[in-house]
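Open the model in a viewer and keep the sequence panel beside it.

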Amino acid sequence: MNPRLTNKKLVKALMDTKGLDMITITSANVLVQVSSKFTPAKADELCKSVGHDKDAKAATKDGLNFIVFPRF
């Protein structure tokens with residue numbers, strides 16, 4: 001199991017990931033908008049690689065796909 005990345009380390013790892021359209025940081029969450037080519041299997045793999053396989057959430061709104069990571 002990979003260690004859970006938090007805040008700056010999480011954002012740095014996400015910025016190095018291909019297939020992400022936008023990363024938004026709020027006071028409580030890190031929201032990641034993924035491209036339409038980003039499959040659910042890739043999303044699960046990404047969550048596991050940054051150590052958030054238990055607390056990351058997926059969402060869809062207006063045809064856009066998001067992954068929501070909590071901030072620590």
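Begin at the hairpin that joins β1 to β2 through 3 residues. This is a predicted model, and the selections below apply to it as such.

Select residues 20–25 for β1 and residues 29–34 for β2. The two strands run antiparallel and are paired over 5 bridges. For a landmark within this pair, show T24 and look across to β2, where L31 stands opposite.

At N29, the residue standing opposite is P70 in β4.

Now colour the protein chain by secondary structure. It has 2 helices and 4 strands, in the sequence order α-β-β-α-β-β. The chain is as compact as a globular protein of its length, because its radius of gyration of 11 Å is close to the 11 Å that the globule rule gives for 72 residues.

Next, zoom out to the C-alpha trace, which spans about 30 × 25 × 20 Å along its principal axes. Counting contacts with a separation of 6 or more, 50% are between residues 24 or more positions apart.

Finish with the surface. Of the 72 residues, 26% count as buried. The accessible surface comes to about 5,100 Å², and carbon and sulfur atoms hold 55% of that. Colour by charge to see 12 positive and 7 negative charges, whose mean positions are 5 Å apart.

Notes: Residues are numbered from 1 along each chain as its sequence is written. This is a predicted model: local features need pLDDT of at least 70, side-chain atom pairs count only at pLDDT 80 or more; totals for chains, interfaces and linings use all residues. Side-chain values use heavy atoms; hydrogens and water are left out. The radius of gyration is taken over C-alpha atoms; the globule rule is 2.2 Å times the number of residues to the power 0.38. Buried means under 20% relative accessible area, exposed over 50%, partly exposed in between (1.4 Å probe, protein chains only). Contact means heavy atoms within 4.5 Å. Accessible areas come from the Shrake-Rupley method with a 1.4 Å probe; for residues, only the protein chains shown count as cover. Lys and Arg count as positive and Asp and Glu as negative; His and the chain ends are not counted. The place of a charge is taken as NZ of Lys, CZ of Arg, CG of Asp or CD of Glu. Two strands pair if DSSP finds at least two bridges between them.
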